[in-house]
Amino acid sequence: MPADYLALPGLSPDGGCGNADQLERISFGENMQMSCTVLVDVRDPSMACLTLQTQLMAAMSINGSGNFPTNVGVYGNSTRFSADGWIPILRQITTADMSFVPPNICRNIVTGVSIEVASSKVGFLSNPQAKITGVLYRFTDPVDVMLECPFGGCKTGTLLPVEVQFAVSFNDFTKSAVDLRSLQPSTSRFLPTDFFSPY
C-alpha cells in the first residue's frame with residue numbers, strides 16, 4: 001500500500017484517536033509530537049487485555065485498519081507509475097509475550113510509534129532537491145498498562161482512556177559539498193618596455 005503522503009491519525013473533538021476525515025498530514029522537515037486516547041472497557045480486565053494491543057495498533061494506523069503503508073515516494077512528485085521513485089518503509093518493533101496479571105495489569109503492551117525520516121539533498125549545488133532515503137516506523141518498547149480507573153473514575157462509567165503517543169522526526173544526512181574551482185590565471189609581469197620593439 002504506497003502512501004500518497006505520510007500522516008498521523010486524526011483527533012476527535014474529545015482527544016480520541018481515529019478521526020479518518022481529519023488526518024494529521026506530515027509536512028516534510030517538520031518534527032511533530034502528539035497523543036490521543038483509546039477507550040478500553042475494563043469491566044472484565046482479562047478480556048480487555050486480550051484486545052488492548054489490537055486496539056492500540058489500529059489506532060496507530062491511518063485508517064484504523066491496523067495496516068501501515070509499505071512504501072513512500074522518494075521525491076515530492078513521485079508517481080505510482082515510477083517503480084524507482086519509491087522505497088520500502090521499514091518497521092522495528094520489540095515483540096514480547098503479552099500477558100494478564102491479576103487483578104488488572106496487562107503486560108508488554110506497545111503504546112506508541114515514532115516515524116523517523118532520513119533524507120539528503122541531491123542535484124546541483126545551486127538548486128538541490130530533497131530526497132527521502134529511508135523511513136522507519138520505530139514502535140516504543142512494551143510497557144505494563146494498569147486497567148484500573150484513576151481517582152476521577154472511568155469515562156462514561158467503565159471506559160478507561162489509554163494514551164497512544166506519536167512522534168515524527170526528520171534527519172538530513174547530506175554531506176557538505178566541496179566547491180572546486182580552478183585557479184585564476186596569472187598575468188605575466190615581464191612585458192617589453194617598448195610594445196613595438198624591435199620595429
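Q: What angle about the S-S bond accompanies the right-handed link of C49 and C106?
A: In this predicted model, the angle about the S-S bond is 85°, and the link of C49 and C106 is right-handed. C49 belongs to helix 1 and C106 to strand 9, so the pair ties together parts that lie 57 residues apart in sequence.

Q: Why is the pair C49 and C106 called a disulfide?
A: The S to S distance between C49 and C106 is 2.0 Å. The cut-off is 2.5 Å, and the pair therefore qualifies as a disulfide.

Q: Why does C49 count as buried?
A: The relative accessibility of C49 is 2%. The limit for buried residues is under 20%, so C49 counts as buried.

Q: Why is C106 placed in the buried class?
A: C106 has 0% relative accessibility, and it therefore counts as buried.

Q: How many disulfides does the structure hold, and what makes C17 and C36 one of them?
A: The structure holds 2 disulfides. C17 and C36 have an S to S distance of 1.8 Å, and because the cut-off is 2.5 Å, this pair also counts as a disulfide. The link of C17 and C36 is right-handed, with 100° about the S-S bond. It connects distant parts of the chain, 19 residues apart: C17 is in the loop between strand 2 (7-8) and strand 3 (24-25), while C36 is in strand 4. Both cysteines are buried.

Q: How do you know that the length of helix 1 agrees with its number of residues?
A: Helix 1 has 16 residues, and at 1.5 Å a residue these should span 22 Å. Its end C-alpha atoms are 22 Å apart, so the two values agree.

Q: Where does helix 1 bend, and by how much?
A: The bend in helix 1 is at T51 and amounts to about 40°.

Q: Which residues of helix 1 are buried?
A: The buried residues of helix 1 are P45, A48, C49, L52, Q53, L56, M57, A58, A59 and M60.

Q: Which residues have the most contacts inside the largest nonpolar core?
A: The largest nonpolar core has 40 residues, and L52, M60, V135, Y137, L147 and V164 have the most contacts inside it. Two or more residues come from each of strand 4 (32-41), helix 1 (45-60), strand 9 (105-109), strand 10 (112-124), strand 11 (127-139) and strand 13 (159-172). Helix 1 gives the most, with 7 residues.

Q: Which residues does L147 touch, leaving aside residues up to four places away in sequence?
A: L147 touches V42, P45, A48, C49, L52, N104, C106 and L160. Two of these, C49 and C106, are joined by a disulfide.

Q: What makes strand 4 and strand 13 a pair?
A: At least two bridges are needed, and strand 4 and strand 13 share 10, so they count as paired. Their pairing is antiparallel. Within it, T37 stands opposite E163 of strand 13.

Q: What makes strand 10 a partner of strand 13?
A: These strands are joined by 8 bridges, against a requirement of at least two, and they therefore pair. Strand 10 and strand 13 run parallel. A118 has N171 in strand 13 as its bridge partner.

Q: Why does S61 count as buried?
A: S61 has 1% relative accessibility, and the limit is under 20%, so S61 counts as buried. S61 is found in the loop between helix 1 and strand 5 (71-73). Not counting residues up to four places away in sequence, S61 touches P9, G66, N67 and F68.

How values were computed. Residues are numbered from 1 along each chain as its sequence is written. This is a predicted model: local features need pLDDT of at least 70, side-chain atom pairs count only at pLDDT 80 or more; totals for chains, interfaces and linings use all residues. Side-chain values use heavy atoms; hydrogens and water are left out. A nonpolar core is a set of buried Ala, Val, Leu, Ile, Met, Phe, Trp, Tyr and Cys residues joined through side-chain atoms within 4.5 Å. Buried means under 20% relative accessible area, exposed over 50%, partly exposed in between (1.4 Å probe, protein chains only). Helices (H or I, at least four residues) and strands (E, at least two) are DSSP runs, numbered from the N terminus. Contact means heavy atoms within 4.5 Å. The expected span of a helix is 1.5 Å times one less than its number of residues. The bend at a residue is the angle between axes fitted to the seven residues ending there and the seven starting there.
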